[in-house]
Amino acid sequence: MTILFQLVRRNMRIYLRDRATVFFSFLSVIIILLLYILFLGEMQTDSLIQHFGDIEGIDWLVSAWIMAGILTVSTVTVPLTVLGTLIQDRSNGTINDFYVSPINRKILALSYLISSWIIGFVMVFFNFVIGQIYVYFNGGEFLHFIPIMQLLGVVMLSIVSFSSFFFYISLFIKTTNAFSILGTIVGTFIGFLGGIYIPIGILSDNVQFVMNILPTAHSVTLLRNIYMKGAIDVVFSGTPDEVFDTYSMIYGLEVNIGDFGLNNIHLLFGMIIFAVIFYILSVIKLSNSKL
Amino acid sequence: MIAIKVDNLVKNYGEIEAVKKISFTVEKNSFFAFLGPNGAGKSTTINIISTLLNHDDGDISVLDNIVGKNDSEIRSKIGVVFQNSMLDDLLTVKENLIVRASFYSIDKLRLLKRIEEINEYLEINSFLNQRYGELSGGQRRKADIARALINWPEILILDEPTTGLDPKSRKDIWELIDKLRKEKEVTIFLTTHYMEEVLDANKVVIIDEGVIVAQGSSEELRLKYSKDRVKIIPNNNLEKILKEDKIDYYIMNDTINITVDGCFKGIDIVEKYREHIREFEILRGDMDDVFLNITGRKLVSE
Ligand SMILES: Nc1ncnc2c1ncn2[C@@H]1O[C@H](COP(=O)(O)OP(=O)(O)OP(=O)(O)O)[C@@H](O)[C@H]1O
Ligand SMILES: [Mg+2]
């Protein structure tokens, strides 16, 4: 126990004391935000007004939509960056210093995962608070206690899924160079995968299919539904159901695989299964090789 | 009592045969030196002994535990200073030591006492609260050694602890090893490229290209593989006379050097050519010659 505690604290310190790493884990978030503030937000607002007319609450809707997306993005990028410590430890040999010590290697492996969960959660929470303020100043309201708890629950699950995935991937990455390439790729594509740069509904069926089986879609859809509830109630109160259905399909408030619409339980299970698969793969990989 | 026994060890990295069937033993509480040039296979051997690296063939036991079988027993009894620094740059020395101490179930109170004890040997107190990444080379090395001592290991393994250090830091590390040997029951296993560092060793094993080329105490090796010599600053045509007398010599930094079998032979030479000599020195064959004489190459290329 103390070993695990000490290792987790070490990983957390290493992450937090390196400002560049902290900055880098939010780089995608910052880029997305800038793009939204500069033009994507306005484009989306204009397009919505064109379709639905200048209804009250559109700014709220758009800002809640983007903030939910950003939350999913940071549940991907922060755990990934925290796991960078593992690659660093391997490439500069610190892992050998651990390996000549009488410690349980499972605990060592677990320490990297747990650090990515904890830091991930703290950082994403921080992100959430800022997002709430942003939404508030865009004519929205703060979320209430229960939605916040639901939201944080999804955030946690999302973090666990992605860190399990990236942990497995990082077992194959030997150099910090390769790792930063991975970081760049993920950072670039995550805005697309989350359906943030381009709303998922206007992409081709094949692309939608791929995106929808990935947990990024599951996470972002769950988060959007919780985050945007208030705005949706205001914006779509007076419109026919078809209007909301179209909106929900285009802007990724639902996940359909083929003709099958996934409900919330499916989405949660999607993330859990994803986490479990990569956790098991990691255990298998670690049983016959070193970290 | 034998601390480490290596029997027909073989290690290949793909095509590269890094260690080719070497065998040696290290006595308990002795100072053992593993000497060899770059790429000889020193780190490879050390990493295998300290349970980090798998080997392809051979048997190794450390304090009666078999490598590959009782690894965690071994790990709890050894301390390793790696060739490269391996502590965390962003943590202070103390934070680093706290993390590592937990691996050996050393609680905070005992750790603080331990740090005090280690400080007697290494004088690390002055930079305990400084980040490891901000330390000077010598300080870093001391912190590395402190980390290796944190469990008061029965065997302290040091892989080139002085390479790249300034003379003062080197001397500090020498004194530390001396003091440890005098005051603690500890086996010291050290690798180096520097002959002068193995002079005090109880046993020296010389490895070159994965093969052991010589072993023995440094005195034995010196007697066997190096010659004493007379170094002369001549005052007139000594060279010509030596040539006439058919005595072999070589010139180094404007001095005439004649190798002799033992220092008394040197005195004979000095007596014989007395009037041609301005100054002289009789030098004992040094360890640098040992490697040169065994392999025909210099140990450290200039
Ligand atoms: N991971 C590795 N993969 C492939 N070859 C390796 C690896 N590690 C070492 N070698 C090779 O094995 C041989 C022995 O290397 P080793 O590091 O044991 O030498 P060394 O005696 O410690 O040298 P130095 O004094 O430079 O530290 C060298 O030829 C080296 O290139
Ligand atoms: Mg080496």
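Here is a conversation about a predicted model with chains A and B.

Trainee: What should I know about the model before reading its values?
Mentor: Residues are numbered from 1 along each chain as its sequence is written, while chains are lettered from A and ligands numbered from 1 in the order written. Side-chain values use heavy atoms, leaving out hydrogens and water, and in this predicted model local features need pLDDT of at least 70, side-chain atom pairs count only at pLDDT 80 or more, and totals for chains, interfaces and linings use all residues.

Trainee: Which protein atoms are donors of the magnesium ion, ligand 2?
Mentor: Donors are N, O and S atoms within 2.8 Å of the metal (3.2 Å for Na, K and Ca); water is not among the atoms, so sites may look incomplete. Here the protein donors lie 1.9 to 2.1 Å from the ion. They are B:Ser43 (OG) and B:Gln83 (OE1).

Trainee: How many residues apart are B:Ser43 and B:Gln83?
Mentor: B:Ser43 sits in helix H1 (residues 42-49) of chain B. Helices (H or I, at least four residues) and strands (E, at least two) are DSSP runs, numbered from the N terminus. B:Gln83 is in the loop between strand E6 (78-81) and helix H3 (93-103) of chain B. The pair links distant parts of the chain, 40 residues apart.

Trainee: Is B:Gln83 buried, exposed or partly exposed, and why?
Mentor: Buried means under 20% relative accessible area, exposed over 50%, and partly exposed in between (1.4 Å probe, protein chains only). B:Ser43 has 21%, so that residue is partly exposed. B:Gln83 has 34% relative accessibility, so B:Gln83 counts as partly exposed.

Trainee: Which residues of H1(B) are buried?
Mentor: Seven of the eight residues are buried, so the helix is largely enclosed by the rest of the structure. The buried ones are B:Lys42, B:Thr44, B:Thr45, B:Ile46, B:Asn47, B:Ile48 and B:Ile49.

Trainee: Is B:Asp64 buried or exposed?
Mentor: B:Asp64 lies in the loop between E4 and strand E5 (65-66) of chain B. Its phi is near 65 degrees, positive in a residue other than glycine. At 65% relative accessibility, B:Asp64 counts as exposed.

Trainee: How many residues does the largest nonpolar core have?
Mentor: A nonpolar core is a set of buried Ala, Val, Leu, Ile, Met, Phe, Trp, Tyr and Cys residues joined through side-chain atoms within 4.5 Å. Those with the most contacts inside this one are A:Tyr227, A:Leu291, B:Phe24, B:Val62 and B:Phe189. The core has 167 residues.

Trainee: Which helix gives the largest share of this core?
Mentor: The share is 19 residues. It comes from helix H4 (residues 58-91) of chain A.

Trainee: Where is A:Leu223, and how far is its C-alpha atom from that of A:Leu151?
Mentor: A:Leu223 is in helix H10 of chain A, and at 0% relative accessibility A:Leu223 counts as buried. Contact means heavy atoms within 4.5 Å. Beyond four places in sequence, A:Leu223 contacts A:Ala68, A:Leu71, A:Thr72, A:Leu151, A:Val154 and A:Val155. A:Leu223 and A:Leu151 are 72 residues apart along the chain, yet their C-alpha atoms are separated by 6.1 Å.

Trainee: What area is buried between chain A and chain B?
Mentor: Buried area is the accessible area (1.4 Å probe) that two parts lose on being put together, summed over both. Here 24 residues of chain A are in contact with 25 residues of chain B. Carbon and sulfur atoms give 59% of the buried area. The total is about 2100 Å².

Trainee: How far apart are the C-alpha centres of the two domains of chain B?
Mentor: Chain B is divided into domain 1 (2-218) and domain 2 (227-284). These bounds come from an automatic or database domain assignment. The C-alpha centres of domain 1 and domain 2 of chain B lie 43 Å apart.
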